Amino acid sequence: MAEPAKKLPNIVISETLCKGCSICVDFCPTNVLELRGNVVAVKNLEACTRCQLCDLRCPDFAIQVF
Ligand code: SF4
Ligand code: SF4
């Protein structure tokens, strides 16, 4: 039986603010994020629990989770 579609989190990354320090990548408990060049990117949105750790740990306010 099909499960109801679950609403995925919306991870908003500012490519101008992100300096690619990788702090959010390291703190994400479910390995959602990865560095691509000098900017963080989402590699597995389905795994995001909206814990907000990336948002809280980013020193540059470059990532937000809704
Ligand atoms: S909200 Fe939590 S689970 Fe989602 S990307 Fe950020 S640190 Fe990872
Ligand atoms: S912690 Fe912030 S500045 Fe560092 S890689 Fe993540 S989004 Fe970019």
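Student: In this predicted model, which residue takes a positive phi in the hairpin of β2 and β3?

Tutor: Strand β2 covers residues 33–36 and strand β3 covers residues 39–42. The hairpin they form has 2 residues between the strands. The residue with a positive phi, near 65 degrees, is Gly 37.

Student: In which sense do strands β2 and β3 pair, and over how many bridges?

Tutor: One facing pair of residues is Arg 36 and Val 39, the latter in β3. The pairing of β2 with β3 is antiparallel, and the number of bridges is 4.

Student: In what order do the elements of the chain run from the N terminus on?

Tutor: The chain holds 2 helices and 4 strands. Read from the N terminus, the order is β-α-β-β-α-β.

Student: How many residues surround ligand 1, and which are the closest?

Tutor: The shell around ligand 1 divides into 10 nonpolar, 3 polar and 1 charged residues. In total, 14 residues surround ligand 1, and the closest are Cys 28, Val 32, Cys 48, Cys 51 and Cys 54.

Student: How many residues of the shell around ligand 2 are charged?

Tutor: The residues around ligand 2 include Cys 18, Cys 21, Cys 24 and Cys 58, as well as Lys 19 and Asp 60. Cys counts as nonpolar, whereas Asp and Lys count as charged. The shell divides into 8 nonpolar and 2 polar residues, and the number of charged residues is 2.

How values were computed. Residues are numbered from 1 along each chain as its sequence is written. Chains are lettered from A and ligands numbered from 1 in the order in which they are written. This is a predicted model: local features need pLDDT of at least 70, side-chain atom pairs count only at pLDDT 80 or more; totals for chains, interfaces and linings use all residues. A residue is near a molecule or strand if its C-beta atom, placed from the backbone, lies within 6 Å of it. Two strands pair if DSSP finds at least two bridges between them.
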